[in-house]
Amino acid sequence: QVQLVESGGGLVQAGGSLTLSCAASGRTFNNLGMGWFRQAPEKEREFVALISRTGFPLYADSVKGRFTISKDNAKNTGYLQMNSLSSEDTAIYYCAVRGIPSTHANDYDYWGQGTQVTVSS
């Protein structure tokens, strides 16, 4: 069993930055890959970024070059650094973990509660 707690969401102006955190407990973090997903109102949950157990990142085209995913195994915490935010990034952001991360939300068993990111134009 893994528990995930996200933090770092909030209200930011367009062009601004936020860093989301995802703290994990219940299992050794260095054996886990992590995915970040987001869900805007009336839209399906969509893939944002993932990082493998060994630190290999993968990004959705919509965030490539603006977002950076990372994980600190010593702190059992993953991060999503978000720069150059626009109103289209407004959503609830979720982290999820599994041994081999995936771009498909349905592949994950463990999810955080989500953190709201609102970008004002």
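Me: Let's start with D89. Is D89 buried or exposed?
Reply: D89 is buried, with a relative accessible area of 2%. Buried means under 20% relative accessible area, exposed over 50%, and partly exposed in between, using a 1.4 Å probe and protein chains only. This is a predicted model, where local features need pLDDT of at least 70 and side-chain atom pairs count only at pLDDT 80 or more, while totals for chains, interfaces and linings use all residues. Residues are numbered from 1 along each chain as its sequence is written, and side-chain values use heavy atoms, leaving out hydrogens and water.

Me: Thanks! Which residue forms a salt bridge with D89?
Reply: That's R38, with the closest N and O atoms 2.9 Å apart. A salt bridge here is a side-chain nitrogen of Lys or Arg within 4 Å of a carboxyl oxygen of Asp or Glu. D89 lies in the loop between β8 and β9 and R38 in strand β4, so the pair ties together parts that are 51 residues apart in sequence. Strands (E, at least two residues) and helices (H or I, at least four) are DSSP runs, numbered from the N terminus.

Me: What else does R38 form a salt bridge with?
Reply: R38 also forms one with E46, the closest N and O atoms being 2.6 Å apart. R38 is buried at 6% relative accessible area, whereas E46 is partly exposed at 35%. Salt bridges with shared partners join R38, E46, R66 and D89 into one network.

Me: How many salt bridges are there in the whole structure?
Reply: Four turn up in a search of the whole structure. One of them joins the side chains of K64 and D61 (3.1 Å, N to O), and both K64 and D61 are exposed.

Me: New topic: how many disulfides are there?
Reply: There is one, between C22 and C95, with sulfur atoms 2.0 Å apart; the cut-off for a pair of cysteine sulfur atoms is within 2.5 Å. C22 lies in strand β3 (residues 18-25) and C95 in strand β9 (residues 91-98), so the pair ties together parts that are 73 residues apart in sequence. Both cysteines are buried.

Me: And why is the disulfide right-handed?
Reply: Because the torsion about the S-S bond of C22 and C95 is about 65 degrees.

Me: Last one: which residue stands opposite C22 in β3?
Reply: E6 does. Strand β1 (residues 3-7) pairs with β3 in the antiparallel sense over five bridges; strands count as paired if DSSP finds at least two bridges between them. On β1, L4 and E6 make up the covered face, and Q3, V5 and S7 the uncovered one.
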